[in-house]
Amino acid sequence: NEMAVSGYDKNKAGVQTITVTYEDCTATFNVTVKPAKALKTITVIAPKTVKKLYTGDELDLTGYTLKLAYDDSSTDVIELSAGYVTGYNKTKSGYQTLTVTYQGATTTFRINVEALKATSLTISQMPKTQYYIDDPIDVTGGELTVVYNSGKTETVAMSLATITGFRSDKEGKYNLTVAYGGVRTSYSITVSIDPLNAKVVLSGAGEDEYFNSLADAFSRITAL
């Protein structure tokens, strides 16, 4: 035979009489069921060192906790999850007020999001630097390394940058400016005559004049 227990209602607060029956014997005793405690307030507790956020960053709540206060004066502390938080805009810099909702209770707290800015620009992979007269600019393969104020670095194709100062209408050395994300750097190119397409102007119709002019053109090319 098994012992039978009856009279308990887990959903009812207050004094309940529990009956225990075993074979022909019966006993009773009283229990008091306390009502479930209700959450009254929640409070966000920030860590001593708050990780900086920059525009473009996902919300990082490392070290943040949530203090729970109940109607029976008890408290509890849990980790603050991003799933409890609304109102964050990663494209907006400055102070933002975020809302925390947990089990029907709400509170707010503020964070500061700094604008992500490029602080330096370097050419990590040089593009073409030797040109012939009338060649168009070519930055194929050129790469830039961008350093930001967050400490993050990024490699981008030079084709995404704005390049000024290019010319190939005459021989010489020219300095080109490369601008990206508000920062700049520069590099030099050399423009020379293409020896395979050199235009030689003869001073006369004889062979001597032709070869002398051709030799002069080649000497000027190699001198660059």
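Reader: Leaving aside neighbours within four places in sequence, which residues is Leu66 in contact with?
Author: They are Ile42, Thr43, Val44, Asp76, Val77, Ile78, Leu80, Val100 and Tyr102. Contact means heavy atoms within 4.5 Å. A word on the source: this is a predicted model, where local features need pLDDT of at least 70, side-chain atom pairs count only at pLDDT 80 or more, and totals for chains, interfaces and linings use all residues. Residues are numbered from 1 along each chain as its sequence is written, and side-chain values use heavy atoms, leaving out hydrogens and water.

Reader: What makes E4 and E6 paired strands?
Author: Strands are DSSP runs of E, at least two residues, numbered from the N terminus, and two of them pair if DSSP finds at least two bridges between them. E4 and E6 (residues 65–70) have six bridges, in the antiparallel sense, so they meet that definition. Within E6, Leu66 is the bridge partner of Val44.

Reader: Why are E4 and E7 said to stand at the edges?
Author: The open sheet runs E4-E6-E7. E4 (39–45) and E7 (75–79) each have a single partner strand, so one side of each lacks a neighbour in the sheet.

Reader: Which residues touch the most other members of the largest nonpolar core?
Author: Ile42, Leu66, Leu80, Val85, Val100, Phe109 and Ile111, out of 19 residues. A nonpolar core is a set of buried (under 20% relative accessible area, 1.4 Å probe, protein chains only) Ala, Val, Leu, Ile, Met, Phe, Trp, Tyr and Cys residues joined through side-chain atoms within 4.5 Å. Strand E10 (105–114) gives the largest share, four residues.

Definitions and conventions:
Buried means under 20% relative accessible area, exposed over 50%, partly exposed in between (1.4 Å probe, protein chains only).
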